Structures are given as C-alpha cells and as structure tokens.
Amino acid sequence: MFIPDTLQSSRHPLLILQSSVAQSTLSLLRKVIETSPGNKGKHTGETLLFCLLHLPSSLINQDTTGVTVYDRIGSVPGYDDSWIDPRDFISNAVENCPSQQLHVVIDSVDTLLSDIGSAAESYKFLRKSLVQLLARPGPSRLTLHLQNTCPLLPLLVQTSFSSTLAQLIAHPPALLLHLATEYLTPPPPASPEPKFWGVFLPVSERESDLERIIFGQDGEGSGASGEFVVEVILRGGGDHSGRRKAVERVLEGWDVAKSSPVELTSMESLKKVFSKTSVEEAAPDPTQNLSFNLNLTPSQQQARSQVPLPYAHEGKALETPAPTAGSILYDPDSADDIDDDDPDEDLDI
C-alpha cells in the first residue's frame, strides 16, 4: 500500500491533496495532520495548519498536539477591516517557527488564490514557501489542499515547481463502476493496466462526465459511500530501497470510518465489480442434434489413421545432401517430352 507511506514519509517535500465536487480528500487531510511528526509524541517537529476554507474542528481533534492552527476563515478581503495579506501572514509564521522540522498545511489553495487575486503571484508565493521549507535543517514538507478545477494545479505538478511530488486524487467508487459497466474495463487486476489507464484517465479528467455519473439520474450523489478510491501519483523521492523511480501511478481504496487504506478488491462498493466471473461460451458442436451419426468409433479412427496419403513423395527421404537449404521435386509429364533436334514437334505440322 502506497498511501500510508505517502502520508507519513518526508521523501516527497510536496504533497498535493486533490478534491473534486464528486469526492473530497478531507479524510486524507485529517490523516496527514494526525500523522505529522509533532503529533506523534516525539517532539521532532511542528505542524502549521492554515485554515482558509474549512473549520479547524473538521480537520483536527481537541487533543491534537504539535499542531499550531491559524484560523483565517473569517479574514476575507473587502469584508474584514483588519485583513492581512495571507502571503505576509503565512511567511511570518513560517519564519518565526523555531522547529527545524516543519510541516506546513494550507487549506486551501483555491481560497488563497482568491484572496491574493493573481495566479502568478500565488504561484510565486507557494514556490517561495517550498524553497524556505527545503532550506531548513530537518526534513520538512508542504501540503496543499485544492480542487481539481484550481487554475494553479497544472503549474504545481510541473517539475519546475518541485522535482519530487506526491499527489493523492480522490475519486468516487461510482466512477470505477461506470467504467466496468459501460466500457467493460474493471480496475486492475481484473483488467490489464495499460488498457485500464487508457480509459480511466480521459474519463476521470472530464468534469462533465463525472457530474453526470455522480449527480445524474442514476447517480448516488457526492459522498454517498463511506469509502472512496485514491489515485496515488509519486514522482521521484525513491522507495524504501533508496532507488529513484520516474513516475508511479496506482489506485488504492480509503475507508473514511476507519481512516485507513484498503485494497480495491476489499471495498464494499466495488465487490460486484470483482465478483463477476467471465463465463466463456463453449464453441457449438456441429455433430449435435442430427438425425445421423458423424462421430467415429475407436476402430474407425484407427483404420483412418492407417490410410496412406495420396502424395507421390510421402515418406521418402530426400536424396539431396543435408546442408542443402531446399530442393525441388518434379514429375515430368507427356507435355515435357521435348526433342532438342526438332523444337517444332509440338506444333503438329
């Protein structure tokens, strides 16, 4: 399972949690904060949580330790007289944090972009924040929560922003059910991975198709299930053996109630996908339902096998030497009896 290591490991300094209208990653965000170094009783680091969209109570518990919460939900430009630019506020909080190992969580990038009012300035600020974290002595991480429609998303996943990346994308189980039913392409291992990804990626990136599947006439609505599918994308960072890999993309399940990963084959909402067994139809037998018998008895089959085949050179060894690559066997007939002394003999003159 990739999700537990991705949420806890600092091999990827940049972690992007991507939600959508159909499925939220808040459960994953809560798990990220819960498993932060400063919240595990080791006092090896600290987490700074900047709440710009969701209430802090929806992300952390009251007994959570090692997490400093900055509630900026009520700070709206144009409505708050004491409004402070979130760039200055976040930068000052990061610079004044004495911990060497720091985990910065921003919820969410969409709200940050709305407050700043410029995609270019927001990108520069996030890039600067990541550089500041990488310059710290201890392993630090920047976690960004955003929607799949965020204008900054295509820029944040580029290698120019960060050479390493851990991206978790939430998908509703209804999407996989739709692919298995309409495209006859269930998720691996029921289908080959190249075939599945070739169908899954285009459909999952079309917002109109997702809305029709989830909110259409036969849709189950957003968050109807207590579990969802997570698309894990890892770039760089290496694995447990220390080897660096290019890009890995896998699908795993997530149980919201247990706040833990599950195998796709163990998800209740996908059981009917993996329980379907392909029934191979037997080829029709032409000897069935006839008024006469076309089958051979064992004695007839033995007699048939002993009949010599009508070929002139059947069973005869070639007289040509073994190294010869090939030979031509030809039996002349009457038309080939040509007299060299009378070449016009065949004209019947």
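The bridge partner of leucine 165 in S7 is arginine 235. Here strands (E, at least two residues) and helices (H or I, at least four) are DSSP runs, numbered from the N terminus. The model is predicted, so local features need pLDDT of at least 70 and side-chain atom pairs pLDDT 80 or more, whereas totals for chains, interfaces and linings use all residues. Residues are numbered from 1 along each chain as its sequence is written, and side-chain values use heavy atoms, without hydrogens and water.

Strand S6 (residues 165–171) pairs with strand S7 (residues 227–235) in the antiparallel sense, over seven bridges. Two strands count as paired if DSSP finds at least two bridges between them. Histidine 171 stands opposite valine 229 of S7. On to S8, the pairing of S7 is again antiparallel, over nine bridges. Arginine 235 has valine 247 as its bridge partner in S8.

These strands belong to an open sheet of nine strands. Its order is S3-S2-S4-S5-S1-S6-S7-S8-S9, and the pairing is mixed. Strand S3 (67–71) and strand S9 (260–262) stand at the edges; each has a single partner strand, so one side of each is left without a neighbour in the sheet. Neighbouring strands are turned by 25 degrees against each other on average, direction ignored. The axes behind this angle are lines fitted to C-alpha atoms, for helices over the stretch in contact, and angles run from 0 to 180 degrees between N-to-C directions.

The protein chain has eleven helices and nine strands. Of its 349 residues, 40% are buried. Buried means under 20% relative accessible area, exposed over 50%, and partly exposed in between (1.4 Å probe, protein chains only).

S7 is mostly covered, with nine of its nine residues buried. In a regular strand the side chains alternate between the two faces of the sheet. Both faces of S7 are covered. One side carries Glu227, Val229, Glu231, Ile233 and Arg235; the other carries Phe228, Val230, Val232 and Leu234.

Helix H7 (residues 173–182) has eight of its ten residues buried, so it is largely enclosed by the rest of the structure. The buried residues of H7 are Pro173, Ala174, Leu175, Leu176, Leu177, His178, Leu179 and Ala180. They pack against S6, H8, H9, S7, S8 and helix H10 (271–274), with contact meaning heavy atoms within 4.5 Å.

The largest pocket has a volume of about 450 Å³. It is lined by 24 residues, of which Gln18, Leu153, Gln167, Ile169 and Glu205 lie nearest its centre. Two or more lining residues come from each of strand S1 (14–19), helix H6 (153–156), S6, helix H8 (193–205), helix H9 (207–215), S7 and strand S8 (247–255). S6 gives the most, with five residues. A pocket is an open set of points on a 1 Å grid over the protein atoms alone, where a 1.4 Å probe fits, with protein on both sides within 12 Å along at least five of seven lines; lining residues have an atom within 4 Å of a point. Grid points are joined across faces, edges and corners, and the volume is the space filled by probe spheres set on them.

The loop between H7 and H8 holds leucine 184 and proline 189. Leucine 184 has a positive phi of about 50 degrees although it is not a glycine. At 63% relative accessibility, leucine 184 counts as exposed. A cis peptide bond joins proline 188 and proline 189, with omega about 10 degrees.
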